[in-house]
Amino acid sequence: MRFDDDAGLDTSEVQDRRGGRVPGGARLGGGLAALIALVLGLLFGVGPDRLGLSSDGDGQGATGSSLAEVQRSCRTGRDANAREDCRTVAVVNSVQDYWTREFARRGGTYTRAPTVFFDGRVNTACGTASSAVGPFYCPGDRKVYLDLGFFDDLRTKFGAGGGPFAGAYVVAHEYGHHVQNLTGALSRAKGGGTGAGGDAVRTELQADCYAGVWTRHATTTPSASTGKPLLTSLTDADVRDGLDAAAAVGDDRIQSRYQGRVTPETWTHGSAAQRQRWFYQGFTSGDMAQCDTFR
């Protein structure tokens, strides 16, 4: 996975709240039980409001260093090839460049959404969340929230093999939820229940499929800054890293690791096999119309 060294990065699409302090926090109890509830209930999910997290503040959260760090350090594709936070900025740019063009091709309008870097806790329009919830998209403020430490957690806590594209898959999945919000799929699926065939699982699998669609087109999507693809190289090994990350966060894998048993009736995100299947469906087809997990 490599970016064009000379391409400019659009840091306006990332808000850096790392180092900020947020009063209060999620009221789900403490200890390992709370962590497991958060992991199982929200990992790669949509908004902490679905877990009943408290909303302390106006939803704007701490500003921390604001954009200072990424603005200083993340200027070009060369920076993205050298630093994890800059690489994430580049992925956000590439994903949104693709969906902007795809919506326009279909006669629609894509509204670009920022990603918020945070550590510890963050206030959102969906409630106050801690890093333990993993990456998530909040439909209330149309933002993706990401603690970059989660990329390490993929390897150390969930057994993924790692690699730079594992993180890219995470980001692309969350923007899949933003696409669902723009198309109305999120509102149609709200409250559809859990379980292997429930709307919650179907929603997550569609976001996986959309991540695969972007992956297929990532190296041919022109950058808004240069007119040339921002992502210049994506190997078979990178795609395998994405598939591996998708499997690592399957409900069955997580339940087996943290509960010691698998309970499909409580699934909210899909099994490892389902998540891989739908990511690969999007990748091989390159067509969002082939991502109808609700059929």
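Begin with the cysteines: counted along the chain, the bonded ones pair in the pattern 1-2, 3-4, 5-6. A disulfide is taken here as a pair of cysteine sulfur atoms within 2.5 Å, and by this rule there are 3 disulfides.

Before selecting them, note that the model is predicted, that local features require a pLDDT of at least 70 and side-chain atom pairs a pLDDT of 80 or more, and that totals for chains, interfaces and linings use all residues. Residues are numbered from 1 along each chain as its sequence is written, and side-chain values use heavy atoms, with hydrogens and water left out.

**The whole chain**

Colour by secondary structure. The protein has 11 helices and 9 strands; these are DSSP runs numbered from the N terminus, with helices (H or I) of at least four residues and strands (E) of at least two. Next, colour by accessibility, where buried means under 20% relative accessible area, exposed over 50%, and partly exposed in between (1.4 Å probe, protein chains only). Of the 295 residues in the protein, 53% are buried. A contact means heavy atoms within 4.5 Å. Among contacts with a separation of 6 or more, 76% are between residues 24 or more positions apart.

**First selection: cysteine 74 and cysteine 86**

These two residues are joined by a disulfide with an S to S distance of 2.1 Å. The torsion about their S-S bond is about -75°, so the disulfide is left-handed. Cysteine 74 lies in the loop between helix H2 (68-73) and helix H3 (77-82), and cysteine 86 lies in helix H4, so the pair ties together parts that are 12 residues apart in sequence. Both cysteine 74 and cysteine 86 are buried.

What is the handedness of the link between cysteine 126 and cysteine 138? The torsion about the S-S bond is about 95°, so this disulfide is right-handed. Cysteine 126 is in the loop between strand S5 (121-124) and strand S6 (127-130), while cysteine 138 is in strand S7 (residues 136-138), 12 residues apart. Cysteine 126 counts as buried at 8% relative accessibility, and cysteine 138 is buried with a relative accessible area of 0%.

The link of cysteine 209 and cysteine 291 is left-handed, with -70° about the S-S bond. Cysteine 209 lies in helix H8 and cysteine 291 in the segment after helix H11 (272-285), so the pair ties together parts that are 82 residues apart in sequence. Cysteine 209 and cysteine 291 are both buried.

Show H4 (residues 84-105) together with H8 (residues 199-217): their axes come within 10 Å and cross at roughly 95°. Axes are lines fitted to C-alpha atoms, for helices over the stretch in contact, and angles run from 0 to 180 degrees between N-to-C directions. Angles under 35 degrees count as roughly parallel, over 145 as roughly antiparallel, 65 to 115 as roughly perpendicular and the rest as oblique. H4 and H8 are therefore roughly perpendicular to each other. Display the side chains of Val91, Ser94, Val95, Tyr98 and Trp99 on H4, and of Tyr210, Val213, Trp214 and His217 on H8, which make the contact. These residues comprise 7 nonpolar, 2 polar and no charged; Ala, Val, Leu, Ile, Met, Phe, Trp, Tyr, Cys and Pro count as nonpolar, Asp, Glu, Lys and Arg as charged, and the others, Gly among them, as polar.

Remain on helix H8, where threonine 215 is located. Is threonine 215 buried or exposed? Its relative accessible area is 3%, so threonine 215 is buried. Apart from neighbours within four places in sequence, threonine 215 contacts Phe165, Leu234, Val239, Phe279 and Phe283.

The axes of H6 (residues 164-183) and H9 (residues 236-248) come within 8 Å and cross at roughly 60°, which makes H6 oblique to H9. Phe165, Ala166 and Tyr169 of H6 meet Asp238, Asp241, Gly242, Ala245 and Ala246 of H9 in the contact. By class, this contact has 5 nonpolar, 1 polar and 2 charged residues.

Alanine 273 is in helix H11 and counts as exposed at 51% relative accessibility. A distance drawn between the C-alpha atoms of alanine 273 and aspartate 252 reads 9.3 Å, the two residues being 21 residues apart along the chain.
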